[in-house]
Amino acid sequence: MEVTKVQQARKATKLRTIFLGYLVMFCIGTIALALFLVLIFYALMSYGAILPANYAEKQVREDKSIIEAGKTLQPNSQIKLYKYALFTSEGRLIEGNLSENQAQAAWSVTQQSDTAYQFPYNYVKVPHHDEVTVMRYSVSAQFELPILRQYLPNAELSFLAVFCIAFLGGGALLASSFGRKLARKMSGLQQATKQIEAQDLDFSIKFSGVMEIDQVLHSMDKMKETLKTSLQKQWNLEKSRREQISALAHDVKTPLTIVRGNVELLSETEQSEEQKNYTDYIAESTRQMEQYIKTLIDISKAETLVTLRAETMDADLYLTKVKDQIMALAAVKKISVAFAAYNLPKTLYADPVLLERAIMNVASNAVDQAPEYSEIQLIVESVENCIRFSIVDEGPGFSPAGLKQAAEQFYMGDSSRRLSGHYGMGLYITKSIVTLHGGQLIIANSTQTSGGQVSIEIPISALPM
């Protein structure tokens, strides 16, 4: 494989060589075009289709002699490349093929001399008896056909215009050809970039034959192999993590089953009212732990949450249940819970089990961070078309890094809120549940308590299909 690459590199052409090739082609084409137009010009002149530049001047000299001899001009007897005007000796226009304004300009120009030049015409004045003839002509090659002279009065400028148009057109065509060729040469580079972007690294580099592009492709080939090795290690690590999480979750189910069984047996014994409340708390917490473990197993297997089973719920009843759960959780650490609700809707559309997990994950984190005998705030309010659950604690709050990364999977870098026994999954699972509902998770620090403030926002009604 390496030998093939080296051979391709030796055969590669430099980009400047390709450019110089096009430039030489353009120069040769320009010279050939100029020579071709010159040959056509002289060929037409030799056949009389183009009259020479001094043709009009010869006609003027000949007709001047005729006028001085007292003969009458016959402008239509032959091809006349000049125009004239006949005046009285006082300057009154008698006849001619110059317009009145052109005739007056010709008369003014020839008052000081019998011959004059005013761009772009030459003028000749021929007096005879009481009449004065002024002839105007141009020293330039002209077409023999009158219709061509009418629209293209200067043959030389016409050929120059043709040359300029052909010059620009040829340049545009060569530039377009060079661009298409360069695009074809770079197609391999574009294809490699797209496949690397899509993390599809099982492809072969197609070299272009252009040295500069192939150098980039060689670098991309090395980068591809390095990236492939790195991604493979990452994929293996993720797979190992998922397997470990799944194994841990299955292992935890056994002692949890024992706890649940003993709690059920304990609930059948004679207990005081306070003991029954504690037993109920343990039973409910055991149920939640079983649901969490099931969710963790689902995530480790499919890397996504279970299917959303949303339903329309009574908002007051659901919030009362959630509030009681949080109060039971906080009572273990002698933490009080302040509950506030604003503009609540009558109904709420969500998956009751998943949403409860999300809220309880946030509440559990808040209880863990809050000091004993402190207060946790549970604030529920309507915000536009969403309902927001905010839980505020009086703990140390999130660090700047934690504000950005606290909801990432396995994130444990926030030393200010790190606790033993936590594996960086709580807010990650919460964010996944909130995203599944079409909402958002907002992590911040409270301006009132300086502790953490985590808000869950989900749409009040069903998402549009």
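Student: Which residue in β6 is the bridge partner of T88?

Tutor: The bridge partner of T88 in β6 is E131, where strands (E, at least two residues) and helices (H or I, at least four) are DSSP runs numbered from the N terminus. This is a predicted model, in which local features need pLDDT of at least 70 and side-chain atom pairs count only at pLDDT 80 or more, while totals for chains, interfaces and linings use all residues. Residues are numbered from 1 along each chain as its sequence is written, and side-chain values use heavy atoms, leaving out hydrogens and water.

Student: How many bridges join β2 to β6?

Tutor: Six bridges join β2 (residues 83–88) to β6 (residues 131–137), and the two strands run antiparallel; strands pair if DSSP finds at least two bridges between them.

Student: And which strands does helix α3 touch?

Tutor: Helix α3 (residues 55–68) packs on the sheet and touches β5 (121–128) and β6, contact meaning heavy atoms within 4.5 Å. The direction of α3 makes about 170 degrees with that of β6, with axes fitted to C-alpha atoms, for helices over the stretch in contact, and angles running from 0 to 180 degrees between N-to-C directions.

Student: Switching topic, where does K334 lie?

Tutor: K334 lies in the loop between α10 (315–331) and β9 (336–342), and has a positive phi of about 55 degrees although it is not a glycine.

Student: Why does K334 count as partly exposed?

Tutor: Because its relative accessibility is 48%; buried means under 20% relative accessible area, exposed over 50%, and partly exposed in between (1.4 Å probe, protein chains only). Y373, at 63%, counts as exposed.
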